[in-house]
Amino acid sequence: MTASGIGAPVRRKEDQRFVTGQGRYVDDFNRPGQAYAYFLRSPHAHAAIRSIDTSPAMIMPGVVAVFTGDDLAADKIGGLICGWMIHSKDGSPMKAGPHPALAQGKVRYVGDHVAVVIAETLAQAKDAAEAILVDYDVLPAVVDTAQATKAPVQVHDVSPDNTVFNWHLGNKEETQAAFARAKHVTKIDLINNRLVPNPIEPRAAVGEYDFGTDNYTLYTTSQNPHVARLVLSAFIGVAPEHKLRVIAPDVGGGFGSKIFIYAEETVCVWAAKKVRRPVKWTSDRSEAFLSDAHGRDHVTHAEMATDENGRILGLRVHTTANLGAYLSTFSSSVPTYLYAPLLSGQYDIPAIYCEVDGVYTNTAPVDAYRGAGRPEATFVVERLVEKAARELGKDPAEFRRANYITQFPHTTPVIMTYDTGDYAASLDKALEVADYRNFQQRKQESARNGKLRGIGFSSYIEACGIAPSQAVGSLGAGVGLWESAEVRVNPTGSVEVLTGSHSHGQGHETTFAQLVSDRLGISIDQVSIVHGDTDKVQFGMGTYGSRSGAVGMSAIAKAIDKVIAKGKKVAAHVLEASEGDIEFKDGRFGVAGTDRSLAFGEVALQAYIAHKFSGQDLEPGLKEGAFYDPTNFTFPAGVHICEVEIDPDTGVTKIERWTAVDDFGVIINPMIVEGQVHGGIAQGVGQALLEGTVYDQSGQLITASFNDYCMPRAIDLPSFQVGMTVTPCPSNPLGIKGCGEAGAIAAPPAVINAITDALGHEDIAMPATPQAVWRAAQKARTLLAAE
Amino acid sequence: MYAFEYHRPTSVKEAGSLAGQAEDTKFLAGGHTLLPTMKLRLAGPANLIDLGQIAELRGIERTGDTITIGAMMKHAEVANSADVKEAIPALAEMAELIGDPHVRNRGTIGGSVANNDPSADYPAACLALNATIVTNQRKIAADDFFQGIFTTALEEGEIITQISFPIPSRAAYAKFRNPASRYALVGVFVAKHADVVRVTVTGAGSNGVFRVPEMEQALSGNFAAEALDGIAVGEDGMNSDIHADAAYRAHLVGVMARRAVQAAAARG
């Protein structure tokens, strides 16, 4: 390991500009002649629009234009799309209703887009929006996930009972047979609470059109600018792909919510041409609560069958997944192929069957949010395993160990083939770090102080490095999920890497440079990472699903290999040796068995001046590109242990200890990885203890600001004990598994398992707020008294 | 935010006459409620009178058995005042529990008291400490000042100039925060005066801050947490929302009252 190579805790290069306030986010871009867009949003969860009269708004001061859905339709602008086709059990395609960027005839959730006002200032646009007269015929709304198919409300004409799909995975008959053989069946009902993503930077867009060149530019808060361009051009049709430049500059967090292609950026690009001026929209926090795609929102019943020896025989799961009022970009894949294939967890379970009903409701669209499907699966598996261990009177750690998969590769009944792992090693290390053996002593100490102490495990697995294109194509994905990279070596030997990955907090400018530094033997200061601009990077699939290390960096590694191969050819000419005798080592091209060698920079210069070889024999220059398509998902896994102390008088749950032992494969930068683990745990703890999205029965969002929606704060979290185990991933050249989502996946069941352990009963839902825990503690007292 | 006229008087007199002349005015103190409400376009006063430049609204003074705090003193200034910490440590501690450092360095005691938010901390302190709210027109006893949520004895154009607190023999504040907003879900202020004990509750009541006579009586005889055993506050009149229903709030009043008494008693 060198000071800046793979494995070094290099400080983040990008932080210089971020911590000094020099980052450049979409809202920092102001174009000459720019006007401001403000969206009039529906105050109703469900209503037919009888009429919209924009004329009073048109004459307001500063108004440039007012548009409605009719204007988009007149220009043949298509609706927003869902890019993953799910088929129901009966083979029928999912029932996707129309998703216009501006409402046409109906609004379906509070915050739905009714009209856009474009004005000289934002305040003028807001003033004019208030003057628009909309005649609503307010309809009853359905918001409750479990009630969606039963309510006398139809969100979309195409799905009469609000069902988008009835999907399944696994083998029903084998699972039934497993349950028939079972000695014991553990049952659980779970709600996976709806979350509002809340990245620190709200979404924003600036659309621009150049009449001289017929070129469009969109600055947007995107995790995947090329996908945005593809969707905006090929499907929505606002501009031809080769005429549209999408720039996603510095982006302040995404957590999934900035993967999707939304109404606002669509309208900004389109309107820029209509009004012949750049058009800017920046979401405020209230709009973000209402209109960013939310996460999770599952209602699940699950059962686990075990035999007389405590071996897991089978698992059956029924989940209703709330997809909101419209199908967002990847929404259909989240509760299906990103969920059910993870239901085997780390366990050797012979038979699994999962049914998922995706439903429409009059709520904001639901799509991928940090972990996307995998936290939901892990919550089901780890809550069930913990409960089963308790029911069987077994130690939860040892029950897990007895059921761990130990032979690899291992193919589960839910289409995944785990390539490698050592789950017991992570468990052993976690038990040690958590001082599990002395837990009972600590519990007694707490009891003496009138407190309830509990310990909870989460032995999670995730599928990352998304994903082999052929595999996801066969499952309904509309795109391939490879990644591209281009490594441009300059004549001076410095390197620019153009990557299709996008950094919005992950630290790619550092970790990707570490890979280049490691492979080419140059300082990371000699490496620039270029991303987030479709005019610079040829194509890319973007960053989500913990894929940028495993897939994005693998593409860079592949391009680097090509650069080295080309460099050898150049060096062979310069050193007058045969190409086969050239070795590249420690940043130098040398002739094997001699002391003759050239530094990497010397070869770069020779490649460009081309004095030592004929252009017929070898092309000048040193620049190589690569597309890398993964051969499998990667399977990060680990064990988190949470220890809580509950004050039964108030219901306050304090996390006393947190142990995280993760296997992410090869680690590029341990400091950044640890940061990702911390952030992920914070988000998972937020889901478990604090964050609950509440709509009232009429569909108004009650938790529409930070006054009511509780984000985790530093004071809610303990100091984390983070450890690592490493089994290199065999299915990519770098051995990376990915780490971005692990904490958010692992944390919720660890917290709830700890709380239920403390309480002595299972009746607590997320978020386990003080009120909920107080009530559960009252119940515990009653149960104890009854014994 | 809607457009408004901004005024910045330098004396209470000037502020009062501005309020008398202009239409549709609001006084701006720390602005923690008013400005967010204006940004959301839920309020749109035509004239905003900023009290921030008025020197006579500032200062903390101890005279005899009283601490007097200028209306524009910030929470952090109260929390860090040596005089307040020495004379009424419970008041300094209460101020330290408001919001976060940003809030404490902007929000003011006068603004909080004038707004009488049902979850604010200061109303509980004023009522328990038997404070006097001094305005540009008169002096109002705390008992008469707080008249229900967001409602006070203040007349149109009346400006709080000072609040004076008699120094109690012992006092403490126990606050259970709303997990999201950090306002008081339930806050109980207990103060033992020479002749009487006052117990006040903020956050819990649907009509704002209130006293708990049964607790006051019990503690007047025996200023110890055990004196509260068996005294329960009913659910009637309790707030109920997604964070805490009436039963939980009523329960927390008892828990926080005991903790406040324990803390006050421990002060020795």
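1. In this predicted model, K175(B) and D121(B) form a salt bridge in which the closest N and O atoms are 3.1 Å apart. Across the interface of domain 2 of chain B and domain 3 of chain B, three salt bridges are found in total, together with 14 residue pairs in polar contact, where both residues have a pLDDT of 80 or more.

2. The size of an interface is often given as the accessible area lost when the parts come together. For domain 2 and domain 3 of chain B, the buried area is about 1900 Å², and carbon and sulfur atoms give 60% of that area.

3. Two strands of chain B, β4 (residues 60-63) and β5 (residues 66-70), pair in the antiparallel sense over four bridges, and within this pairing E61(B) stands opposite T68(B) in β5(B). The two strands make a hairpin with two residues between them, and G64(B), which sits in the turn, has a positive phi of about 60°.

4. A further piece of chain B to trace by eye is an open sheet of four strands, whose order is β9-β10-β11-β12 and whose pairing is antiparallel. Its edge strands are β9 (170-177) and β12 (210-211) of chain B, each of which pairs on one side only. Strand β11 (residues 197-202) of chain B joins β12(B) through antiparallel pairing over two bridges, and in β12(B) the bridge partner of T200(B) is R211(B).

5. Turning to the two chains together, 24 residues of chain A are in contact with 20 residues of chain B. The area buried between chain A and chain B is about 1800 Å², with carbon and sulfur atoms giving 50% of it. In chain A, the residues that lose the most area to chain B are T650(A), Q771(A) and W774(A), which together account for 27% of what that side buries.

6. Which charged side chains meet between the chains? One such pair is D245(B) and R775(A), whose side chains form a salt bridge at 2.9 Å, N to O. Between chain A and chain B the count is five salt bridges, and there are also 14 residue pairs in polar contact, both residues being at pLDDT 80 or more. The elements giving two or more residues to the side of chain A that touches chain B are α4 (122-131) and α19 (770-786) of chain A, and the residues of that side divide into ten nonpolar, five polar and nine charged.

7. Over all chains, the count comes to 61 salt bridges. One of them joins E241(A) to R229(A), with the closest N and O atoms 3.9 Å apart. E241(A) lies in the loop between α6 (225-236) and β11 (244-247) of chain A, while R229(A) lies in helix α6 of chain A, so the pair ties together parts that are twelve residues apart in sequence.

Terms used
Residues numbered from 1 in each chain as written. Chains lettered and ligands numbered in written order. Predicted model: local features only at pLDDT ≥ 70, side-chain atom pairs only at ≥ 80, totals over all residues. Heavy atoms only, no water. Buried area = accessible area lost by both parts, 1.4 Å probe. Salt bridge = Lys/Arg side-chain N within 4 Å of Asp/Glu carboxyl O. Polar contact = N/O pair within 3.5 Å; in protein donor to acceptor, adjacent residues only side chain to side chain. Pairing = 2+ DSSP bridges. Contact = heavy atoms within 4.5 Å. Nonpolar A, V, L, I, M, F, W, Y, C, P; charged D, E, K, R; others polar.
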